[in-house]
Amino acid sequence: MTTTQAAVVESPGAPFTLQDVELDSPRQGEVLVRMEAAGICHTDLTVAAGLIPFPLPGVLGHEGAGVVEEVGPGVTKVSPGDHVVLTFTSCGTCVSCKLGHPAYCTTWIPQNLVGGKRPDGTSPITRDGKPLGGRFFGQSSFSRHAIADQRSVVKVGDDLPFELLAPLACSVQTGTGAVWNTLRPEPGSSIAVVGTGAVGLAAIMGAALTPVSEIIAVGRRQDQLELAAKLGATHTVDSTQADLATALREITGGAGVDYVVEAVGNPDVLRAGIDALAPRGAVAVVGAPPYGVEVSVDVHRLLPGRRILGVCEGDSDPDRLIPLLARLVRAGRLLVQPLIREYPFADIAAAVEAFKSGQNIKTVLRFDT
Ligand SMILES: [Zn+2]
Ligand SMILES: [Zn+2]
């Protein structure tokens, strides 16, 4: 048993408050991690607001980076002292997992989003002897220590700052993976990325590492569009000033754009992306609107080989993609630093407010201050 300090959300809509909680010793397949940094992602706030039915009171956080302190029985992939990124978990045994697509694991929703407990029904986190919702994305990393499922743990080198590692766990993996794993653009093709938050900018950086000819960043904030251009966008479109489908057709000489990453979760934007596609083009749907939101499509638009592809976590196999992302960060080929604004863990309430206001691209909590 470890007593640690976690950011607890008491009920839907309640703030994150720091409290002492107890963590189990790591059980079979579990790892005790001392957290060093954790990114805040939209899904944390969607759950805290009660829009996704996670058991509250509970502990969220799904972009962790830290140091392994202890491993439970059966853990072979990491050892105490290893620097690790904490990402999503998966069962490892279903067909999707066996085919190398753990983001499409049949147990993905209960194990990462809504379950709040181990598969055996227990929670690794208690307060005054009562279980709290835990194991969010196999980790619940808004906590000075976390019990993580070993399938959500990825070992990385010990030479990178933790604040650069944390965003690799979800947003950077999602954006780069949507381009590299799902769209796989051919040499000379064009790609538009709608949304200039952490996922969209990661998609732009991912696209810049492929042989596409045009990378079109679409956003609503001039400062973020300027950053997108520094990170590899060849064109920028201010969507508050221009009609999206028209602008994309103009930039591509009327041909339409070959690939679109929709990273804002807006059905009108998705529809505009579909309308802007060239024949055989594809839209990767990365942004998540509330449940039940629909989009209508003229079926005849789809017949010339156009595709709409949903993507979760960049269709990543984290054990392969996250070490690659870390190598690219180390080599200076993936510039995560300009996206980040750091806050001490104790200031999580202020960090969440700043994140909600949209003034920060990637908010990262630090546990050493
Ligand atoms: Zn996320
Ligand atoms: Zn699975």
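This is a predicted model: local features need pLDDT of at least 70, side-chain atom pairs count only at pLDDT 80 or more; totals for chains, interfaces and linings use all residues.
Along the principal axes, I found that the C-alpha atoms fill a box of roughly 65 × 40 × 40 Å.

Next I turned to burial and contacts. Of the 369 residues in the chain, 56% are buried, a class for which I took under 20% relative accessible area as the cut-off. The chain exposes about 14,600 Å², and I noted that carbon and sulfur atoms supply 53% of that area. When I took the contacts between residues at least 6 apart in sequence, 70% of them turned out to join residues at least 24 apart.

I then followed one sheet in detail. It is an open sheet of six strands with parallel pairing, and I read its order as β13-β12-β11-β14-β15-β16. At its edges I found β13 (235-238) and β16 (307-310), each of which pairs on one side only. Neighbouring strands of this sheet are turned by 20° against each other on average, with direction ignored.

Within the sheet I checked the pair formed by β11 (residues 190-194) and β12 (residues 214-219), which run parallel and are joined by five bridges. Here I saw Ala-192 standing opposite Ile-216 in β12. Lastly I looked at helix α8 (residues 244-251), which packs on the sheet and touches β11, β12, β13 and β14 (257-262); the direction of α8 makes about 160° with that of β12.

Technical notes
Residues are numbered from 1 along each chain as its sequence is written. Chains are lettered from A and ligands numbered from 1 in the order in which they are written. Side-chain values use heavy atoms; hydrogens and water are left out. Two strands pair if DSSP finds at least two bridges between them. Helices (H or I, at least four residues) and strands (E, at least two) are DSSP runs, numbered from the N terminus. Axes are lines fitted to C-alpha atoms, for helices over the stretch in contact, and angles run from 0 to 180 degrees between N-to-C directions. Contact means heavy atoms within 4.5 Å. Buried means under 20% relative accessible area, exposed over 50%, partly exposed in between (1.4 Å probe, protein chains only). Accessible areas come from the Shrake-Rupley method with a 1.4 Å probe; for residues, only the protein chains shown count as cover.
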